[in-house]
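Biologist: I would like to learn how to read a model like this one. Can we take a few features in turn?

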Amino acid sequence: MKKLLSVMFVFLLVLTVVFAACDKVADNTEFYDKITKSLKFNLNYEGKSFLTDGVGVARVDAYTDGDTTRFYTEKDGTVNIRYFCIDTPESTSKVEKWGKAASNFVHDRLSQATVIVLESSTGKAATKDSYGTRYLGYVWYKTATEDFKLLNLEIVENGFSLNKGNSTSAYKYNSYFVKAENFARSIQLRWFSKKADPLFNNDPVEFSIKDFTNNIELYYDEENGVGAKVIFEAYLIDLSVSDSGTHNFIAAQYDAETGKQYTINVYAGYNSSYASNMTVGNYYKFVGSLQKYGSAFQISDITYSEIFDGLSTTFLRKANYYLMFDSSNSKANLEQYAGNVYSNVSVTKVEAVANGVLTFEGTATLIKPSGTDAKTFTFKLAVDDDFDVSSITVGAILRLNGLQLTAGEITVLEII
């Protein structure tokens, strides 16, 4: 009987511990650093170079996201650091749950730092990641009131990332990272939580570039740096490709009421991204996340499909919707411009203005492929009563796009 009571007591004790553990679930508003503080800083960094010595003093040059920051060092200049042993959810080209929260966490911690020390992933000369664009490193920081803490570890302890050190002692601080992940798991903190992320919304809202320009606060939370998931239709009018291969389009919407064209940047990622295959001049349905990059706003997190027009996919609505006639376009040799950019228009025929519409014909040739035969277009323009018709005469050479002449605000109603 005593043995049975003893077994029952142990069983009830186990149940009590289990239920107590189940009750200990994080509300995702608190921050933790007990494990992080248990790791003591003992690096000699004075006068050292991060690139050659594997350790060095730095200051923030630009914030990127939860696991990447660009720093400036006196010894090595600018270095882009990919935080070692972690991988936070995305918050730039792609937007994931807890991604923006992780990015804000890093910004908050480093903005309080009085000293920042970078340590290479190997403790020796710095090495780059598999992309060859960022250095792998640990980021230590201290504030006016606290001693050095390892930010990589603090990120894991606060549930913004798994321990990506492959649970092996080959990684210098792995035992601490294991403890940090186990702690975050035990209280179902952020990444391990089933609760909603207040800074993440995957349901798109209808978006107008004009409305956004006039009412930014309706779509963007400046305090938390979070933009809405949006859906809208627009045409692409320009493209720039960076040295690293990122594609940045300009999307535009024409507003008949104001007679103006409203634009916003669309970040389409690297060459490997399907979205980079979008074509300037085409008309698309866009679904993406509004973000602020530097001082400019952009649409990112684009999932492009050429065959599936889904609720969350960017999709082609009409090809060659917006034509440009501009011989000076320096980027016209890009494949994305083929079929949309023509040479300047040579006017061949002008009709009298009728009902506020000026009609004229002109010839132009494709910029690419070069050497194509001239093609004749008919342009119908909405003009004011005081418009000087003599400004468009036979023989005139015009540079224009699908909506506006560069000489003035003349709306192109139709290009045939």
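Biologist: Let me start with one residue. Is N152 buried or exposed?

Modeller: Start with the cut-offs. Buried means under 20% relative accessible area, exposed means over 50%, and partly exposed lies in between, with a 1.4 Å probe and protein chains only. N152 has 0% relative accessibility, so it counts as buried. Across the chain, buried residues make up 45% of the 416 residues.

Biologist: What should I know about the source before going on?

Modeller: This is a predicted model, in which local features need pLDDT of at least 70 and side-chain atom pairs count only at pLDDT 80 or more, while totals for chains, interfaces and linings use all residues. Residues are numbered from 1 along each chain as its sequence is written, and side-chain values use heavy atoms, without hydrogens or water.

Biologist: Which element holds N152?

Modeller: Elements are DSSP runs, numbered from the N terminus: helices are H or I with at least four residues, strands are E with at least two. N152 lies in helix α5, residues 151-157. The whole chain has seven helices and 23 strands.

Biologist: What does N152 touch?

Modeller: A contact means heavy atoms within 4.5 Å. Leaving out residues up to four places away in sequence, N152 touches Y83, F84, I86, G137, Y138, V139 and F177. With V139 there is also a polar pairing: its backbone nitrogen lies 2.9 Å from a polar atom of the N152 side chain. For the chain overall, take contacts with a separation of 6 or more: 62% of them come from residues 24 or more positions apart.

Biologist: Now sheets. How many bridges pair β1 with β2?

Modeller: Two strands pair if DSSP finds at least two bridges between them. Strands β1 (residues 55-63) and β2 (residues 68-73) have four bridges and are antiparallel. R59 stands opposite Y72 in β2. A hairpin of four residues joins β1 to β2.

Biologist: Where does β2 go next?

Modeller: Six bridges join β2 to β3 (residues 77-83), again in the antiparallel sense. F71 has V79 in β3 as its bridge partner. Three residues sit between β2 and β3 in their hairpin.

Biologist: How many aromatic pairs are there?

Modeller: Rings of Phe, Tyr and Trp (its six-membered ring) pair if their centres lie within 6.5 Å; planes under 30 degrees apart are stacked, over 60 edge-to-face, the rest tilted. The count is 31. One of them is Y220 with F297, edge-to-face, at 5.0 Å centre to centre and 80° between the planes.

Biologist: Why does the pair of Y220 and F297 tie together parts apart in sequence?

Modeller: Y220 is in β8 (residues 220-221) and F297 in β14 (residues 296-300), so the pair links parts 77 residues apart in sequence. Y220 is buried at 9% relative accessibility, and F297 is buried at 16%. Both belong to a cluster linked by ring pairs: F207, F212, Y219, Y220, F232, Y284, F286, F297 and Y304.

Biologist: Where is pLDDT below 50?

Modeller: pLDDT is the predictor's confidence in each residue, from 0 to 100. The chain averages 87, and 88% of the residues score at least 70. Residues 7-23 fall below 50, and that stretch has one contact beyond near neighbours in sequence. Residues 404-409 also stay under 50, with 14 contacts beyond four places in sequence. Where pLDDT is low, predicted coordinates should not be read in detail.

Methods: Polar contact = N/O pair within 3.5 Å; in protein donor to acceptor, adjacent residues only side chain to side chain.
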